[in-house]
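Let us walk through this protein from its overall layout to a few single residues. Keep the structure in view as you read.

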Amino acid sequence: MVATDTLFLIVLMTVVSVVWGVLALPYWRARLPTIYLIARSWWWMLALLCGCYLIAKTTGSNSPIDKQYPYQWLLVAFFILIGLRGSYEISRLWRSESKARLISKLKARGLQAHTLALPIPQKQTQTLDEPELDRQRGVQPFFYLNFLDVLFASVFILLIISLIFLQQLTWQREQYGVLLFVLFASQFNDIAQYLCGKLLKGKLFKRGLAPKISPNKSIEGAVFGSLLSALLATVLGVWLTPFSWWLCLLAAYMLAVSGIAGDLIESAFKRQHGVKDTGTLLAGHGGVLDRVDSLLIGVPIFTLLYWLLV
């Protein structure tokens, strides 16, 4: 009999493969090129995650009492690889030359029409020191850090540590689906917010959620998207986890709301450095940081509560 978490991954990969296949048809690819790229990147990301997950879950013992998982390191390595790539994307924005190359690459691919840097009046350049000039231009000197840089880097490192610890904890307790529930509850939130924002933006609230940080985010998308994703994730949680439905709902809603907070932190970090995306690795998504931003706050909180209370 196929385990529930394995069945979920099979169903998910099948659905994403079908969607990607349909979008790859010439008609739909011409009409929805960005959605096609998003689906393609989703397929590759899911293929890597599912492959590492299923191999990591392979036991080295046939005994139901003494199970061993000799390939757990593969899933841990996957999270470490995400951490290394994300750290590179962060450090690249701390270095003026590297950031300039990234902005040029984004412009060449049509992903950034202009930077968010502020022009400096010529007469002021004689009286400002170099760090102040760089701050006003939106350019950071080599490894010049401020509070937001340190905060974002710290939160990202904490996320990677939490993912590894949560994986080890769920394997130890043989509650494998909990890890998948946390990951995909957060991803449901991204999709639900996007759809609700597209359908309802400006219909109930005239102002955006945080116009100075992320102009495209709407209050409608945040409110209704988080509710919709929480309901979808609750169904997933009842299927994959040993939790009751109301506990799944609370956890899913916490992950949804914290996902919005993580997204805004990353948006503020990018706006400070004058970039739209942190990279071009994932076509349609941006960089690794653009893909995991919804996990930044919720995963550490969930991991702590799961460790102490469950």
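Helices (H or I, at least four residues) and strands (E, at least two) are DSSP runs, numbered from the N terminus. On that basis the protein has 12 helices and 2 strands. From the N terminus on, their order is α-α-α-α-α-α-α-α-β-β-α-α-α-α.

This is a predicted model, in which local features need pLDDT of at least 70, side-chain atom pairs count only at pLDDT 80 or more, and totals for chains, interfaces and linings use all residues. Residues are numbered from 1 along each chain as its sequence is written, and side-chain values use heavy atoms, with hydrogens and water left out.

Start with burial. Buried means under 20% relative accessible area, exposed over 50%, and partly exposed in between (1.4 Å probe, protein chains only). Of the 310 residues of the protein, 46% count as buried. Contact means heavy atoms within 4.5 Å. Among contacts between residues at least 6 apart in sequence, 71% join residues at least 24 apart.

Now the core. A nonpolar core is a set of buried Ala, Val, Leu, Ile, Met, Phe, Trp, Tyr and Cys residues joined through side-chain atoms within 4.5 Å. The largest one has 64 residues, and L75, F181, F184 and F302 have the most contacts inside it. Helix α7 (residues 147–173) gives the largest share of this core, 10 residues. Leaving aside residues up to four places away in sequence, L75 touches L49, C52, Y53, A56, Q167, W171 and L179.

Next, helix packing. Two packed helices are described by the angle between their axes and the distance between the axes. Axes are lines fitted to C-alpha atoms, for helices over the stretch in contact, and angles run from 0 to 180 degrees between N-to-C directions. α7 and α8 pack at an angle of about 145°, with their axes 8 Å apart. In this contact, L163, L166, Q167, T170 and W171 of α7 meet V178, L179, V182 and L183 of α8. The contact has 7 nonpolar, 2 polar and no charged residues. Here Ala, Val, Leu, Ile, Met, Phe, Trp, Tyr, Cys and Pro count as nonpolar, Asp, Glu, Lys and Arg as charged, and the others, Gly among them, as polar.

Helix α8 (residues 177–200) also packs on helix α12 (residues 298–309): their axes come within 11 Å and cross at roughly 150°. The two are therefore roughly antiparallel, a term for angles over 145 degrees. V178, F181 and V182 in α8 meet V299, F302 and Y306 in α12. Those residues divide into 6 nonpolar, no polar and no charged.

α12 has another partner. Its axis and that of helix α10 (residues 245–273) come within 9 Å and cross at roughly 150°. That makes α10 roughly antiparallel to α12. Here A251, M254, L255 and S258 in α10 meet G298, V299, I301 and F302 in α12. By class, this contact has 6 nonpolar, 2 polar and no charged residues.

Finish at the end of α7. Q172 lies in helix α7 and counts as exposed, at 63% relative accessibility. Q172 and Y69 are 103 residues apart in sequence and 9.9 Å apart in space, C-alpha to C-alpha. E174 is in the loop between α7 and α8. At 41% relative accessibility, E174 counts as partly exposed. Most residues other than glycine have a negative phi. E174 is not a glycine, yet has a positive phi of about 55°.

Methods
Angles under 35 degrees count as roughly parallel, over 145 as roughly antiparallel, 65 to 115 as roughly perpendicular and the rest as oblique.
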